[in-house]
Amino acid sequence: MVSTPTELARWGQALYTGHIVSAADTRRMLDFTDGDYYGLGAQLLPLGHRWEPGHSGLMYDTTTLLVHLREENVTIAIAADAPSADLEAALTQSYGGPSLIELVERLGG
């Protein structure tokens, strides 16, 4: 798959809000009740004080992160050309101001 973060975020928003697969399949995809951090094609990702569905990936020298913030109904995709980049930290850490997650929370989606 070749994509941009913008295209990936659009895809993720449609996927996680039930516009790609049926409502039943979306529920199964996001069912993490067995104690595992993996659903059907989705991961439950630690983002600071919250856990959200998404998926991370690594291909050659590029790492990506797609995450859907359920309460705010916002999907974020980021990519880095560094295979060891900590993209979860990039969303949650504050670098002299609010983190990206905090900004989304403040705006309410």
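The model is predicted. A search of the whole structure finds 5 salt bridges, and the largest pocket has a volume of about 530 Å³.

**Salt bridges around Arg50**

- Side chains of opposite charge can pair when their charged atoms come close.
- Glu72 and Arg50 form a salt bridge in which the closest N and O atoms are 2.7 Å apart.
- Because Glu72 lies in the loop between β3 and β4 and Arg50 in strand β2, this pair ties together parts that are 22 residues apart in sequence.
- Both Glu72 and Arg50 are buried.
- Arg50 also forms a salt bridge with Glu105, with the closest N and O atoms 2.7 Å apart.
- This second pair links distant parts of the chain, since Arg50 is in strand β2 and Glu105 is in helix α4 (residues 100–107), 55 residues apart.
- Arg50 has a relative accessibility of 9% and therefore counts as buried, the limit being under 20%.
- Glu105, at 27% relative accessibility, counts as partly exposed.
- Through salt bridges that share partners, Arg50, Glu52, Arg70, Glu72 and Glu105 are joined into one network.

- Arg28 forms a salt bridge with Asp25, and the closest N and O atoms of the pair are 2.3 Å apart.
- Both residues belong to helix α2 (residues 23–29), where they are 3 residues apart, about one turn of the helix.
- Arg28 is partly exposed at 46% relative accessibility, and Asp25 is partly exposed at 34%.

**The largest pocket**

- The lining of the largest pocket consists of 21 residues, and Met1, Ser3, Leu8, Gly57 and Thr64 lie nearest its centre.
- The elements that each give two or more residues to this lining are α1 (5–16), β2 (50–59), β3 (62–69) and β4 (74–80).
- By type, the lining residues of the largest pocket comprise 13 nonpolar, 8 polar and no charged residues.
- Ser3 is located in the segment before α1 and, at 33% relative accessibility, counts as partly exposed.
- Ser3 and Thr75 are separated by 72 residues in sequence and by 15 Å in space, C-alpha to C-alpha.

**The nonpolar surface patch**

- Trp11 is placed in helix α1, and its relative accessibility of 40% makes it partly exposed.

Key
Residues numbered from 1 in each chain as written. Predicted model: local features only at pLDDT ≥ 70, side-chain atom pairs only at ≥ 80, totals over all residues. Heavy atoms only, no water. 1 Å grid on protein atoms, 1.4 Å probe; cavity = no way out; pocket = protein on both sides within 12 Å on 5 of 7 lines; lining within 4 Å. Points joined across faces, edges and corners; volume = space filled by probe spheres on them. Helix = DSSP H or I, 4+ residues; strand = E, 2+ residues; numbered from the N terminus. Nonpolar A, V, L, I, M, F, W, Y, C, P; charged D, E, K, R; others polar. Buried < 20%, exposed > 50% of the residue type's maximum accessible area, 1.4 Å probe, protein only. Salt bridge = Lys/Arg side-chain N within 4 Å of Asp/Glu carboxyl O.
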